[in-house]
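Reader: Could we go through this structure together? I would like to begin with contacts inside a helix.
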Amino acid sequence: MKSLIKIPFFFIVFICVFSCRTQQMSAPEYGKNITETDFTIKKVRNFRTVGNIKNREGRTLKEGKLYRSANLFKLKPKSFKTIKNLGIREIIDLRNSKEIAQKPDRIPEGVVYKNESAFEDEGDQLDQARKLVLKGKVNGYDAENRMLDFYRNYVTEHPEVIRKIITGILESDTPVLYHCTAGKDRTGIITALMLTILNFDRETINNDYLLSNNYRKKLVNKRLGLARNLHFVYPKLDIRVLEKLSWVETAYLDAAFNEINKKYGSTDRYIQEVLGISEEKREEYIRKFTY
């Protein structure tokens, strides 16, 4: 069995909801500038468009081109019209096959659905991880390190899938909705890479990434409060594990970009050689998505 380091531990966040040791939690990072528009779609969390931000050239990212969210398992039929009214004609699911089997998306008629997973859980890794968490053998430090490793691995282990996801979105003639389970980690990485291609600086990219904490604040705080109140169910569980899996952190995204720089020399080289996007094509995308 492969090392558990490669397990994206945010998959077991729900395991921890009902039980963790009472500990003082650190304050999460929040996005400071909410410039993009969010849309309230019942039962779909972290749904928003990426737009209305300026790149290094002073060009503004068009709203209504890129949409991101958590899974669509509970998308209500009465919300199908909202999806269509936004012009979304394609949905890209970044989850792996096991996640999809457990909570498949509900897709409006006429919308193309694609699954592009750069991570697959082989064997019983998640079950083994669950047992370790319940036994208190994974602490906050372990969870943080495993999250950092997941971010590093996601951008480098299956670059052909990352390339397919990003070029598929950027080449689309209609708005695209892409999502993972919570709409924060894999979705956050893909968004960060696309914004890098479109010549946005890291401060702007980090702000957009951290906005997931803003949009998920109520949900996460509710879970953490519940965990504190019910810690007696599994007293060995470390509440910091839930904390590290529930929030996004700048350090996670930094780990992905640092791994790219370490393995490929620079993000520009990664974009050109790994993602197969030439400077000419990059300029074309910038003109397409900004004004």
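Reader: Which helix holds R282 and E279, and how many residues apart are they?
Author: R282 and E279 both lie in helix 11 (residues 279–289), 3 residues apart, which is about one turn of the helix. Helices here are DSSP runs of H or I with at least four residues, strands are runs of E with at least two, and both are numbered from the N terminus. This is a predicted model, in which local features need pLDDT of at least 70 and side-chain atom pairs count only at pLDDT 80 or more, while totals for chains, interfaces and linings use all residues. Residues are numbered from 1 along each chain as its sequence is written, and side-chain values use heavy atoms, with hydrogens and water left out.

Reader: What do the side chains of R282 and E279 form?
Author: They meet in a salt bridge, at 3.8 Å from N to O. A salt bridge is a side-chain nitrogen of Lys or Arg within 4 Å of a carboxyl oxygen of Asp or Glu.

Reader: Is R282 buried or exposed? And what does E279 count as?
Author: R282 is buried, with a relative accessible area of 8%, whereas E279 counts as partly exposed at 37%. Buried means under 20% relative accessible area, exposed means over 50%, and partly exposed lies in between (1.4 Å probe, protein chains only).

Reader: How many salt bridges does the structure hold?
Author: The structure holds 17 salt bridges. One of them joins E99 and R186, whose closest N and O atoms are 2.9 Å apart. E99 lies in helix 2 (residues 97–102) and R186 in helix 6 (residues 186–197), so this pair ties together parts that are 87 residues apart in sequence. Both E99 and R186 are buried.

Reader: Which residues are linked in a network of salt bridges?
Author: D93, R95 and D105 are linked in such a network.

Reader: What stands opposite H179 on the strand 2 side?
Author: S69 stands opposite H179. Strand 2 and strand 5 also pair in the parallel sense, over 4 bridges.

Reader: Which way do the residues of strand 5 point?
Author: V176 and Y178 point one way from strand 5 (residues 176–179), L177 and H179 point the other way, and all are buried. In a regular strand the side chains alternate between the two faces of the sheet.

Reader: In what order do the strands form the sheet?
Author: The open sheet has 5 strands in the order 1-2-5-3-4, with mixed pairing. Strand 1 (48–50) and strand 4 (112–115) stand at the edges with a single partner strand each, so one side of each is left without a neighbour in the sheet. Strand 1 is joined to strand 2 (residues 66–69) by 3 bridges, and these two run antiparallel. There, R48 has R68 as its bridge partner in strand 2.

Reader: New topic: where does helix 7 bend?
Author: Helix 7 bends by about 65° at R216. The bend at a residue is the angle between axes fitted to the seven residues ending there and the seven starting there.

Reader: How many residues has helix 7, and what does it reach from end to end?
Author: Helix 7 (residues 202–229) has 28 residues and reaches 38 Å from its first C-alpha to its last, close to the 40 Å expected. The expected span is 1.5 Å times one less than the number of residues.

Key
Pairing = 2+ DSSP bridges.
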